[in-house]
Amino acid sequence: MHARTLNKDLAGSLLVIAIGVLVAGVGFTYRTGTLRQMGAGFLPVVFGVLMTLVGLAMAISSRTAAPAEDEPPAEPRTDSPWRGWLCIVGGVVAFVVLGDPRGLLLRVARRAGRPPEHDRQRGRAGGGDRRVQRRRLPLRAAGAVAAVPVGLSEKNQGLRARRRMET
Amino acid sequence: MSQSLMDLWYGFGVALDPHNFMWSVFGVLIGNLIGVLPGMGALTTISMLLPLTYVIAPVPAILMLAGIFYGSQYGGAIGAILLNLPSHPPHAVTCLDGYPMTLKGRGGAALGITMMASFFAASVGIAVMIFLSPLLVQIAFKFGPAEICAIMLLGLLAGATMSRGSPLKGLAMTLFGLVCGAVGTDVISGTMRYTFGKTELADGVELGALCMGLFGIADFLVHVNRMKVKPISAKMSMKDMRPTRAELRQAFWPMIRGTAVGTLFGAMPGTGPTITTFIAYAIERKIAKDPSRFGKGAIEGVASPEASSHSKTQVDFIPTMSLGIPGDAVMALLLGALIIKGIQPGPQLITEHPDIFWGLVASFWIGNLLLVVLNVPLIGMWVRLLRVPYKYLYPAALFFICIGVYTTKNSLFDVGEVAIFGILGAVFLSLGFPVSPIVLGFVLGPMLEENFRRAMLLSHGELRVFVDSPISAGFLLACSALLLVQVVAHVRGARRRAGAGGVVAALAE
């Protein structure tokens, strides 16, 4: 556990340094100016440099100091998290992709040949339960209710796409 | 004094206006409802409901957001006491003694005490707010850009270093938030910064998208397959909520002490409610005749932290409203909502928008009263809500997040931002970074930059201006004192090495 938190601190500091360098680097492409006549890039560069410094300080302290652990230990995972991660991020991404009018057309075309029940087969299981598909009914109802007021406007494209992902 | 009372009377008029009142009730109800749900803290709740406020007028919007805030805060206590599930970090302390009380069959009494403590503490906090804010405003009018910069720096530093976990990590996240705030068109020169050629980013990152990514999606990602619904045996009815006379007597002084702690710390910018509750709990344990009772269901351990967190919540509004400096991420969100509405926070807010300020103050009282009225009959329903399985809860929340962000500007790009900030937030969280300083930096960033550049223009590029003015010099002194305390705590912690708890433990001593 100890070695792992140390690694985590080091990885975190590397990430911070990377972001800091990137921010400062991009910031230099804007006009920085002087203190008397500050350009758009002045403060971003300052933030980036400070971030890099903080990251360096973290890297140094991760070697010397014991990490402070005041978080309660997380409950062990019951299942591989990848499926959940994929579904959560995929749901949002699909909202964006299918929310596009072209996405809607595609969806309507696909849906035409299917019985409505079939639409909701794949479940996004947050709880690691593999038999969730059957129990999705309340959610569908909620989704349908939510769709009623919004459905009249142009927003329904996105909503429908979303509902598809809820399945 | 009498002027304040007159203003308060006016505020009640604003808050009781049917339209405003309706939104206030709605906010409290929905905040309580969502706050009860496992895993939904005040931050998640507010960020999810933020888009709702975009369509309504500023006064009802802020009343509703404030209602959501304290509603969800109270709702979180229910989960903490009955299920040992702190959905909002400050409630971690409430769990320590609240859950053992539930195991002993006194969970209802713990909830009753929580309700009384929060109402009492909130009332005191509101009273302090009424009389302190106008005073603070008079001082604040003497502030120039340099002073505002200095106090913002203090707020940012305090928010970064006093949150949980490593102060360096907090600092890194604050800086990251400042960078996020810099995205978009530079107000002074019109240069596009960090937009990567995307015109959608010209207006900057969307506040709602940032928050929902960081507090919604990131949280879900981290908790995937980790949360289990705990079976709940306690049946709760109105009768159970009445504490016995002995319990009341036992909880009375802790409640007052907790309120005092919360009020004191609320006035300090950046001290989060988590630390406040920890300190309140530590004090109770220190002065108790029999400290061994704590952790086994001592009612003092529930009353004092809850009182402190609620009085702190109210007092926190003072710097937010009168100076425009938010104390923590929740306040930063409220401030962000005001800015979206085109209202510039700062000392002029009370005089320019008295309806917002005094209406808000009055609505606190009404809202807290509503909480009591709502929770007594509805407690049975809340208990049932605690059993909502995550597999329904999270997809539903995800659904509302997407819809909420999308409808804000009808922009699918913003929904993509949610995904990106969600992934970023999850990476940060899993590496042990606190994410709430990001919001603080994000909201304060543009204001800080504007004031810093203005100060530099006025002083012709002389950084000495920050030391020349006694007010800003004082704030900078406080900043360096804060850093010094952190360094000392760090060195001491490194020397002890074995000691866990880090800064929080050092502070609570």
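**Exercise 1. Work out how B:E449 and B:R453 are placed and what joins them.**

Solution. 
- Step 1: Find the element. In this predicted model, B:E449 and B:R453 both sit in helix α18 (residues 436-458) of chain B.
- Step 2: Check the spacing. The two residues are four residues apart, about one turn of the helix.
- Step 3: Look at the side chains. B:E449 and B:R453 form a salt bridge, with their closest N and O atoms 2.9 Å apart.
- Step 4: Widen the view. Salt bridges with shared partners join B:D186, B:R193, B:E449 and B:R453 into one network.

**Exercise 2. Decide whether B:R193 and B:D186 are buried or exposed.**

Solution. 
- Step 1: Find the contact. The side chains of B:R193 and B:D186 meet in a salt bridge at 4.0 Å, N to O.
- Step 2: Take the cut-off. Buried means under 20% relative accessible area.
- Step 3: Apply the cut-off to each partner. B:R193 has a relative accessible area of 3%, so B:R193 is buried. B:D186 has 2%, so B:D186 is buried.

**Exercise 3. Trace the salt bridge between A:D9 and B:K169.**

Solution. 
- Step 1: Start from the total. The whole structure holds nine salt bridges over all chains.
- Step 2: Pick out one of them. The side chains of A:D9 and B:K169 meet at 2.7 Å, N to O.

**Exercise 4. Describe how helices α7 and α8 of chain B pack.**

Solution. 
- Step 1: Two packed helices are described by the angle between their axes and the distance between the axes.
- Step 2: Read them off. Helix α7 (residues 145-161) and helix α8 (residues 167-182) of chain B pack at an angle of about 130°, with axes 7 Å apart.
- Step 3: Classify. That angle makes α7(B) oblique to α8(B).
- Step 4: The crossing of α7(B) past α8(B) is right-handed.

**Exercise 5. Describe A:G48 and A:V49 in helix α2 of chain A.**

Solution. 
- Step 1: A:G48 lies in helix α2 of chain A. A:V49 is found in that helix, residues 42-64.
- Step 2: Take A:G48. Its relative accessible area is 0%, so A:G48 is buried. The C-alpha atoms of A:G48 and A:V26 are separated by 9.3 Å, and the two residues are 22 residues apart along the chain.
- Step 3: Take A:V49. Its relative accessible area is 39%, so A:V49 is partly exposed.
- Step 4: Look for a patch. A:V46, A:V49, A:L50, A:L53 and A:L56 form a nonpolar surface patch, with about 380 Å² of accessible area together.

Notes: Residues numbered from 1 in each chain as written. Chains lettered and ligands numbered in written order. Predicted model: local features only at pLDDT ≥ 70, side-chain atom pairs only at ≥ 80, totals over all residues. Heavy atoms only, no water. Patch = residues over 30% accessible without salt bridge, like charges linked within 9 Å, V, L, I, M, F, W, Y side chains within 5 Å. Areas by Shrake-Rupley, 256 points an atom, 1.4 Å probe, with all protein chains shown as cover. Buried < 20%, exposed > 50% of the residue type's maximum accessible area, 1.4 Å probe, protein only. Axes fitted to C-alpha atoms, helices over the stretch in contact; angles between N-to-C directions. Parallel < 35°, antiparallel > 145°, perpendicular 65-115°, else oblique. Left-handed = near helix turned anticlockwise from the far one by under 90°.
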